[in-house]
Amino acid sequence: MINTAAMIAFPDRCRIVPLSRFTTWRIGGPCAVLFPCDVGELSAMMEWIARENVPWSMLGRGSNLLAPSRGWDGVAVSLQGPFKGFEIQGREIHAGGGAALPTLVGACCSTGLSGMVFAAGIPGTLGGAVFMNAGAYGGDMSGLVVGVQAVFPGGEIGCLSGEECRFAYRYSIFQDRPGAIYRVTLRLAPGNREELRREAREVLEKRRNNFPVRVPNAGSVFRRPDDGPPPGRLLEECGLKGRSVGGARFSPVHANFIENTGCADSDDVLALIRLAKEVVLDRTGILLREEVRVLGGGE
Ligand SMILES: Cc1cc2nc3c(=O)[nH]c(=O)nc-3n(C[C@H](O)[C@H](O)[C@H](O)COP(=O)(O)OP(=O)(O)OC[C@H]3O[C@@H](n4cnc5c(N)ncnc54)[C@H](O)[C@@H]3O)c2cc1C
């Protein structure tokens, strides 16, 4: 069940880890995780992945990810160390794909750069946020990204402009052309530090009041339907708020969040997602689509 070939190919850079430690749901069994220390190593790993035809996935903060409890025989790639750094030059931020969004939001506020406050409280990495075009409160990554550097399977390095990322609601081109986003350039606007700090505090306060904060979760489970009410309302109207399967429960605080109440496994979460899709489709004719990603593609 574990990809030992990765251990053999990259003995110094591969660890078998329980994915529950790498996901905000705190769910996930053992998996081989590769930790490249620079772009050259990342490129060599992506070249090996393509050559050996190994199932693979990038692993950010795991804040939008369901990892199988029985483990995964693919290879996850995690950008740590130098990939977490960033520099601010004028109105631009040049940051590694592993940089933490909360750190970047804090840096923007204390430097007086405006445009990123929407991301306060989103616990992901920059690479994951670009991949998902993460957004909230009227903003998303598409408004900030001017350039992305990524390594694709085979080892080829690509530089994409913001436009080439083809951002749309919770979508970027990387969902159809997977690659390892290792560096991103963001362009912000000048802003007032005090004002930005106040706005960030307000966003965090809104989140604390409206979303579950102390129970492990992965943010919104379902995407907003193209037309129709938000998923939280649909789920609530269909009587699913607070509904549980095993240790997984639709949050009593906000129905579009699934909480791990302590002992949930990935099958509990998948069963709850399936149940909700069936009930909502049956009662409203609306087919909900998942926003959370399933490592290895699901069941
Ligand atoms: C409490 C909470 C609140 C949240 N609020 C919001 C919100 O308001 N708005 C919102 O949009 N989301 C929200 N989320 C979801 C999540 O934080 C975002 O989707 C975030 O962008 C995911 O980043 P990540 O690093 O955790 O990615 P992961 O969950 O690790 O991965 C998500 C996907 O991105 C891919 N990926 C990750 N890193 C890279 C990389 N470097 N290169 C290429 N692909 C990569 C993965 O392969 C995977 O398919 C919330 C989550 C939580 C737990």
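1. By class, the shell around the ligand holds 14 nonpolar, 14 polar and 4 charged residues. Nonpolar means Ala, Val, Leu, Ile, Met, Phe, Trp, Tyr, Cys and Pro; charged means Asp, Glu, Lys and Arg; the others, Gly among them, are polar. The model is predicted: local features need pLDDT of at least 70, side-chain atom pairs count only at pLDDT 80 or more, and totals for chains, interfaces and linings use all residues. Residues are numbered from 1 along each chain as its sequence is written, and side-chain values use heavy atoms, with hydrogens and water left out.

2. The ligand is surrounded by 32 residues (a heavy atom within 4 Å). The closest are Gly60, Ser63, Thr125, Gly135 and Arg207.

3. Polar contacts here are pairs of N or O atoms within 3.5 Å. A polar backbone atom of Gly62 is 2.8 Å from a ligand oxygen. A side-chain N or O atom of Arg170 is 3.3 Å from an oxygen of the ligand. A backbone N or O atom of Ile181 lies 2.9 Å from a ligand nitrogen.

4. Alone, the ligand exposes 970 Å², and the protein buries 92% of that (Shrake-Rupley method, 1.4 Å probe).

5. Elements giving two or more residues to the shell are strand S3 (56–59), helix H4 (126–132), strand S9 (135–136) and strand S13 (180–187). These are DSSP runs numbered from the N terminus: helices (H or I) of at least four residues, strands (E) of at least two. H4 gives the most, with 5 residues.

6. Domain 1 (4–78) and domain 2 (83–210) both give residues to the shell, so the ligand lies between them. The bounds come from an automatic or database domain assignment.

Technical notes:
A polar contact is a pair of N or O atoms within 3.5 Å; within protein, one must be able to donate a hydrogen and the other to accept it, and residues adjacent in sequence count only if both atoms are side-chain atoms.
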